[in-house]
Amino acid sequence: MTLENRLPNNDPERELRQEFARLRDEERRQATPFHEVLSKPVEPRPTPVRASWVRITAAAAVLALIVGLTISRARWTPSQGPTAGTDAPVEIVDLGTTSWISPTDFLLELPSQELLEEVPKFGPTSGLIEEDGEHSVDDPIERRNRT
Amino acid sequence: MERVELETELERHHDAAFGWALRCCHGSRMAAEDALQASYLKMLDGRARFEGRSSFRTWLFGVIRRTAAEQHRSSKVGRLLPLYLLDGRSESADPGIDPATAIVRSESTRRLVAALDRLPPRQRDLLHLVFYQELTIRQAAEVLGVSIGTARTHYDRGKKRVKKLLEEDEHDA
C-alpha cells in the first residue's frame with residue numbers, strides 16, 4: 001500500500017506529506033550505499049594542536065595591536081602638543097604690554113556715546129533765553145539775589 | 001552496544017540518515033557524505049556513545065546534525081585562514097553543490113526543496129524531521145535540542161510558510 005492510499009482524504013497536510021514522500025523516495029534511490037560512505041578516504045582535518053596554534057597566533061596579534069595603540073596614545077598627550085620634543089625657539093610674549101582691539105568693537109558704539117562718557121558741567125552759562133525774554137540764570141545763588 | 005550490532009543498526013537507518021545529512025548540509029551530496037562518514041566513525045570509535053536515553057534514530061540524527069555543523073564551521077574558518085589553504089586541503093570541503101554528483105530531482109520535489117530553502121533553518125529542520133522522517137514533534141525537538149513548545153511553534157510557522165510558498169510558486173507557474 002502506498003503512502004497516498006494510507007492517508008485519509010480529510011488530512012489538511014495530505015499534500016505536504018505527499019510532496020515530502022516523493023522527495024524521500026527520490027533521495028533514497030540516489031543515496032550513496034552505507035559501506036561506500038564508511039570506506040571513503042578520510043579528508044585530512046585540522047588537528048587540535050594546529051587549531052590551538054591558530055587561535056594563539058590570532059590572540060597574540062590582537063594583543064600586540066592593543067598594546068601598540070595604547071603606547072602610541074600615551075606618547076602624544078594634548079599638554080605636550082604636536083611640536084613637543086622639537087628644538088624650535090619659543091617666543092615669549094609679555095601680555096602686560098600688548099593690547100588688542102577687536103575689529104568688531106565699533107558695533108558696540110552707541111549714538112551720542114560722548115554724553116555718557118563726560119561729566120555734566122555746573123556753573124554760569126550764557127546764551128540761554130527764558131520764555132519771558134530775559135537771560136536765564138543757571139546759578140541758583142545768583143537767581144536768588146536777583147529776585 | 002557491540003560494534004557489529006551498532007554497524008547493523010547504522011546500516012538499517014542509513015537511507016534515512018543520508019536524507020537528514022543532505023538536509024543538514026544544504027543539499028550538498030559531498031558534504032553530506034563527509035558528515036555521515038564522520039558521524040559513523042565517531043559512533044563506531046566510541047567518541048559518540050548511545051546511552052539509551054532516547055530512541056536510536058533520534059540519537060543518530062542528533063550526532064549527524066552536530067557533526068555537519070562542526071564541519072560547516074571548520075570549512076568556513078578554513079576559507080578565511082591562509083594557513084589552512086597552505087596545508088594543501090582541497091576545495092572538496094566546500095559544501096557547495098557539485099553538478100556531477102548532485103541529486104537529480106523532479107519538478108515537484110525541486111519546488112519543495114526551493115521552498116524549504118527559503119525557510120529559517122529551525123523551521124526547515126522541523127518540517128524535514130516530521131514530514132520526511134516521520135518523527136513526532138517531541139522526537140524532532142530532541143534531535144534539535146529544543147523544548148517541545150519551541151518545536152511546535154517552529155513546526156506550525158514552517159508549515160504555513162511552506163504551503164504559502166508552494167501556492168505562490170504554483171500561481172507564478
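How many residues of chain B are in contact with residues of chain A? In this predicted model, 31 residues of chain B are in contact with 21 residues of chain A, two residues being in contact if their C-beta atoms, placed from the backbone, lie within 7 Å. Chain B contributes to this meeting through several elements, and those that give two or more residues are α1, α2 (14-24), α3, α5 (82-86), α6 (107-117), α7 (121-132) and α9 (148-172) of chain B. By class, the side of chain B that touches chain A has 15 nonpolar, eight polar and eight charged residues. Here Ala, Val, Leu, Ile, Met, Phe, Trp, Tyr, Cys and Pro count as nonpolar, Asp, Glu, Lys and Arg as charged, and the others, Gly among them, as polar.

Residues are numbered from 1 along each chain as its sequence is written, and chains are lettered from A and ligands numbered from 1 in the order in which they are written. Because the model is predicted, local features need pLDDT of at least 70 and side-chain atom pairs count only at pLDDT 80 or more, while totals for chains, interfaces and linings use all residues.

Turning to the chains themselves, chain A has six helices and zero strands, whereas chain B comes to nine helices and zero strands. Helices (H or I, at least four residues) and strands (E, at least two) are DSSP runs, numbered from the N terminus. Buried residues make up 5% of the 147 residues in chain A and 36% of the 173 residues in chain B. A residue is buried if 20 or more other C-beta atoms lie within 10 Å of its own, exposed if 12 or fewer, and partly exposed in between. Among contacts in chain B between residues at least 6 apart in sequence, 66% join residues at least 24 apart.

Where do the buried nonpolar residues gather? The largest nonpolar core has 43 residues, of which B:A21, B:A35, B:L36 and B:I64 touch the most other members. Such a core is a set of buried Ala, Val, Leu, Ile, Met, Phe, Trp, Tyr and Cys residues joined through C-beta atoms within 7 Å. Two or more residues come from each of α2 (14-29) of chain A and α2, α3, α4 (56-80), α6, α7, α8 and α9 of chain B. The largest share, eight residues, belongs to α3(B). Leaving aside neighbours within four places in sequence, B:I64 is in contact with B:A17, B:W20, B:A21, B:C24, B:A35, B:L36 and B:S39.

Helix α7 of chain B holds B:L127, which counts as buried because it has 25 C-beta neighbours inside 10 Å. Beyond its neighbours within four places in sequence, B:L127 is in contact with B:L116, B:Y155, B:G158, B:K159 and B:V162. The C-alpha atoms of B:L127 and B:D156 are separated by 9.1 Å, although the two residues are 29 apart along the chain.

Finally, a pair of helices can be followed in detail. The axes of α1 (residues 3-12) and α3 (residues 29-45) of chain B come within 10 Å and cross at roughly 155°, with axes fitted to C-alpha atoms over the stretch in contact and angles running from 0 to 180 degrees between N-to-C directions. That makes α1(B) roughly antiparallel to α3(B), a label for angles over 145 degrees. In this pairing, B:R3, B:L6, B:E7 and B:L10 in α1(B) meet B:Y40, B:M43 and B:L44 in α3(B). These contact residues divide into five nonpolar, no polar and two charged.

Definitions and conventions: Parallel < 35°, antiparallel > 145°, perpendicular 65-115°, else oblique.
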